[in-house]
Amino acid sequence: MNGIIVGFGNMGRLHYSKLINRGINVPIIVDSNPNNIDVNAAIYTKMEDVPSFQDIDFIFICTPTNTHYEILNEIIDKKIPIFLEKPVARTRREINSLKKLSNMFIFVGEVELFNEDLKQFLNYNKTPSKIKIKRKVDLDYFLKGNKPWFLNEELSGGIVLDLMIHDITLLISKFGIPKIKSVESSKNKFEINDFVKTILSFDKFEAEISSSWIENDRKTPIKVLIDIYNGEVVSIISNNYMENKKKDAFDNQLDFFLKAVNQNKLPYNFDLFLKATKLCLDINNIINVK
C-alpha cells in the first residue's frame, strides 16, 4: 500500500511513523513548510503540485482544522480513501456543505472510538441515570514552551473543537444528539479558554462533561475519567495515548482504518462527525455570547 500525508506536524509525524513501522509506504508528503521534513519522501507544498495520484491507496489529512474543508474539496474527486483528523471542519457553513460527502470514504481520526481502555463505555448498552466525563490534559507538558496552531481559536475552534469533541462524539455515537443545558468556561493559563464544562440533556439522562488543558500531571499528562451512574457507579480511567507500549489507541485506530480500506467499509458514518462538530460549534456560540 502507498499513502500520502498532508500536514507533517505532530499528528502527521505520528501517523507516518506508525505506517512506516508496518511496512506501508508514504512516498509523498504535502506540507506548507517543507524545510523541517527529513524523511524519505517526495515533498510538495500544495496538493495541486502532486504530479500523479496513480498507485496511491489512501490520503491522510493532518493539517489545522480550518484547512480541512478546502483540502477535502481538492481531493474528493480522486476517489481515494481519506483519513481525516478530527474535527471535520471549522464552521457551520463548511459542515452544511460537507453533508453531500456523507457517502464518500472519509474515515475520521477520532481515536477514542478505538481506544481499548474505553471498551466498557463503548459496549455499554443500558440507559444511565447520569454520566460524568472529565478529560484532563497537562498541556504544558506537551508544549515545552512552544505555541501550537490549536491555541489560535480561529484555526482550531479552541478547546471545545480540539479536546471536548472527543467526548461529544462518544456520547452522540451511543445516545443520539442532546440539547445543551449549560456551559461554563474560563481562561487560566492561556490566552484562550482552557477549561470548559457543559451539561447535555439526552432523552432520559444528563451528561456532564469537562475538558481541561490546565492540569499539572507529568506522569499522566492525558487522562480521561468516565463515571456512569445506573444504580451503581461504573468508573473508567484511560491514559492510553502515545505511550511507550507495544500497542496504543492510535495503533488500534490504524488497524480499523486499514481494515476499512481493504473492505471498503467504514466503521462509523461520516454524518456522526458532522453532528458532533455542529454541537461543538453550538457550545462555542454560547461561550462567545457570554
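Analyst: Let us begin with a unit that can be traced along the chain, keeping in mind that this is a predicted model. Strand 5, helix 3 (residues 92–98) and strand 6 together make a β-α-β unit, and this unit is right-handed.

User: How many bridges pair strand 5 with strand 6, and in which sense do they pair, parallel or antiparallel?

Analyst: The two strands pair in the parallel sense, and 4 bridges lie between strand 5 and strand 6 (residues 106–109). Within this pairing, glutamate 85 stands opposite glycine 109 of strand 6.

User: Which strand does strand 4 join, and how does the chain cross over?

Analyst: Strand 4 (residues 58–61) runs parallel to strand 5 and is joined to it by 3 bridges; isoleucine 61, for example, has leucine 84 of strand 5 as its bridge partner. Between these two strands the chain passes through helix 2 (residues 68–75), and this β-α-β crossover is right-handed.

User: In what order do the strands stand in the sheet?

Analyst: The order is 3-2-1-4-5-6, in an open sheet of 6 strands with parallel pairing. Strand 3 (42–44) and strand 6 stand at the edges with a single partner strand each, so one side of each has no neighbour in the sheet. From one strand to the next, the twist averages 20°.

User: What should I look for between aromatic rings?

Analyst: One compares the distance between ring centres with the angle between ring planes, and planes under 30 degrees apart count as stacked. The count of aromatic pairs here comes to 17. Phenylalanine 83 and phenylalanine 107 have ring centres 5.5 Å apart and planes at 20°, so this pair is stacked. Phenylalanine 83 belongs to strand 5 and phenylalanine 107 to strand 6, so the pair ties together parts that are 24 residues apart in sequence. Both of these residues, phenylalanine 83 and phenylalanine 107, are buried.

User: And what is the idea behind a nonpolar core?

Analyst: In soluble globular proteins, nonpolar side chains tend to be buried together. Here the largest nonpolar core has 94 residues, of which Ile168, Trp213 and Phe257 touch the most other members.

Conventions
Residues numbered from 1 in each chain as written. Predicted model: local features only at pLDDT ≥ 70, side-chain atom pairs only at ≥ 80, totals over all residues. Heavy atoms only, no water. Core = buried A, V, L, I, M, F, W, Y, C linked by side-chain atoms within 4.5 Å. Buried < 20%, exposed > 50% of the residue type's maximum accessible area, 1.4 Å probe, protein only. Pairing = 2+ DSSP bridges. Right-handed = clockwise from strand over helix to strand, strands pointing away. Axes fitted to C-alpha atoms, helices over the stretch in contact; angles between N-to-C directions. Phe/Tyr/Trp six-rings, centres within 6.5 Å; stacked < 30°, edge-to-face > 60°.
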